[in-house]
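Thanks for coming, everyone. I'll go through it piece by piece.

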Amino acid sequence: MDINTFEPRTDLADLHEAVAAIRSEIAKVIVGQHQLIDLLMTGMLANGHILVEGVPGVAKTLAAKLLAGTIDAKFSRIQFTPDLMPADVLGTSIFNPQSKEFEYKKGPIFGNIILIDEINRAPAKTQAALFEVMEERQITNDGVSHQLDAPFMVVATQNPIEQEGTYRLPEAQLDRFLFKVEVKYPSLQDEIGILQSANEQGGDHAAVQHMKPVVSASTVIRLQQKVRTIIMEEKLLSYVAALVNQTRNNPGIYLGASPRASIAVMNCAKAVAVMNRRDFVTPDDVVYILPHVLRHRIILTPEREMEGITPDEVIGEILKAVEVPR
């Protein structure tokens with residue numbers, strides 16, 4: 001029997017309906033980039049943040065805006081620049097002369113879907129301002145904690161080529177991203193489709209304005225809760241732990257992945273499973289998601305980097321070295 005035709009024990013009809021509706025709405029604007037769209041939805045279902053890396057013009061920002069457009073939730077876009085301060089993102093206390101008290105004015109981070117464009121253009125102190133909000137979904141100002149409304153998802157973009165006026169993201173911040181998606185150039189056939197779509201629709205901006213929400217914020221929260229109930233056998237949990245543990249014992253890796261990475265692999269594998277109409281995780285789900293979860297969490301030794309080895313290649317070596325459970 002084909003594993004993808006297995007009759008699920010959990011009712012996933014509403015989840016499949018929501019995923020299909022989001023895919024259909026986004027496909028009206030974006031041609032190709034199927035993996036990017038699927039990983040964005042995987043991140044949403046796994047309740048995590050996503051770092052999208054690619055050269056300008058490959059629909060990184062557009063895809064994030066379209067995903068936000070399909071969800072009836074608050075969307076904020078923050079353009080990171082070298083002069084951006086933490087208060088510009090988180091908000092600040094302002095003195096109210098009438099009440100003679102300081103009042104907290106919330107910043108643009110208070111939303112449900114947050115697009116941070118060119119995240120590596122802001123200085124270290126602005127990057128550090130994201131640590132608490134990305135991990136704990138709250139902001140502490142003047143000793144008072146302000147909880148953010150669920151769902152809360154940060155989609156950040158960055159350009160891997162341009163280095164002038166950019167800052168390297170701290171490892172602690174990178175670790176808070178569920179996974180890093182590397183967006184490639186479209187195929188020739190997809191690019192022809194892009195031109196045809198742009199010619200017919202009159203540009204991406206007009207198409208985005210006509211986007212209609214197909215899923216409510218409360219539905220997203222309910223689907224996230226359902227994903228957490230997906231079955232993952234003990235042997236697969238051990239498989240994930242063994243894979244991540246290998247990153248700490250590989251001679252070509254200077255810094256391995258933390259237990260947070262293991263949890264990310266587990267949650268993402270569950271989301272991938274339900275998107276493939278299954279209520280249980282298979283080794284293939286883990287193998288598929290592993291490079292996206294680990295590539296930004298490991299640091300290679302200088303020797304491996306000088307050899308031109310990439311993190312994905314080392315992750316591939318680890319996948320071959322660890323026995324797949326049966």
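Start at the hairpin of strand 4 and strand 5, with its four residues between the strands. Look at Lys100 there: its phi is positive, near 60°. Keep in mind that this is a predicted model. Strand 4 covers residues 91–96, and strand 5 covers residues 101–106. They pair in the antiparallel sense, over six bridges.

In what order do its five strands lie? The order is 3-6-9-1-10, and the pairing is parallel. Strand 3 (75–79) and strand 10 (179–182) are the edge strands, each pairing on one side only. From one strand to the next, the twist averages 20°.

Strand 3 runs parallel to strand 6 (residues 113–117), and five bridges join them. Across that pairing, Arg77 stands opposite Leu115 in strand 6.

Next, step off strand 6. Glu118 sits in the loop between strand 6 and helix 5 (124–128). Glu118 has a positive phi, near 50°, and it is not a glycine. Buried or exposed, or something in between? Glu118 is partly exposed, because its relative accessibility is 26%.

Asp142 is not a glycine either, and its phi is about 55°. Asp142 belongs to the loop between strand 7 (138–141) and strand 8. With a relative accessible area of 63%, Asp142 counts as exposed.

Move on to the loop between strand 8 (144–147) and strand 9, where Pro151 lies. Check the bond between Ala150 and Pro151: this peptide bond is cis, with omega about -5°.

Arg168 is exposed, at 65% relative accessibility. Take Leu130 as a reference point. Arg168 and Leu130 are 38 residues apart in sequence, and their C-alpha atoms are 14 Å apart in space.

On to the helices. Helix 2 runs over residues 34–45.

Why call helix 2 largely enclosed by the rest of the structure? Because nine of its twelve residues are buried. Among them are Leu36, Ile37, Leu39, Leu40 and Gly43. After helix 2 comes Asn47, with a positive phi near 60°.

Helix 2 also packs against helix 12 (residues 259–275). Two packed helices are described by the angle between their axes and the distance between the axes. Here the angle is about 115°, and the axes are 9 Å apart. The crossing of helix 2 and helix 12 is right-handed. From helix 2, the residues in contact are Asp38, Met41, Thr42 and Leu45. From helix 12, they are Cys268, Ala271, Val272, Val274 and Met275. By class, this contact has seven nonpolar residues, one polar and one charged.

Helix 10 (residues 217–228) gets the same length check. Its twelve residues should span 16 Å, and its end C-alpha atoms are 17 Å apart, which agrees. The buried residues of helix 10 include Ala217, Val220, Leu223 and Gln224. What do the buried residues of helix 10 pack against? They meet helix 1 (13–27), helix 2, strand 2 (71–72), strand 11 (215–216) and helix 12.

Last stop: the end of helix 12 and beyond. Phe280 lies in the loop between helix 12 and helix 13. Phe280 is buried, because its relative accessible area is 16% and buried means under 20%. Phe280 is ten residues from Lys270 along the chain, and their C-alpha atoms are separated by 7.2 Å.

Then helix 13 (residues 283–294), which holds His292. His292 is buried as well, at 6% relative accessibility. Leaving out residues up to four places away in sequence, His292 touches Gln35, Leu39, Leu178, Phe179 and Lys180. Find Leu39 again in helix 2, where it is one of the buried residues.

That's the tour. Questions, please.

How values were computed: Residues numbered from 1 in each chain as written. Predicted model: local features only at pLDDT ≥ 70, side-chain atom pairs only at ≥ 80, totals over all residues. Heavy atoms only, no water. Pairing = 2+ DSSP bridges. Helix = DSSP H or I, 4+ residues; strand = E, 2+ residues; numbered from the N terminus. Buried < 20%, exposed > 50% of the residue type's maximum accessible area, 1.4 Å probe, protein only. Contact = heavy atoms within 4.5 Å. Axes fitted to C-alpha atoms, helices over the stretch in contact; angles between N-to-C directions. Left-handed = near helix turned anticlockwise from the far one by under 90°. Nonpolar A, V, L, I, M, F, W, Y, C, P; charged D, E, K, R; others polar. Expected span 1.5 Å × (residues − 1).
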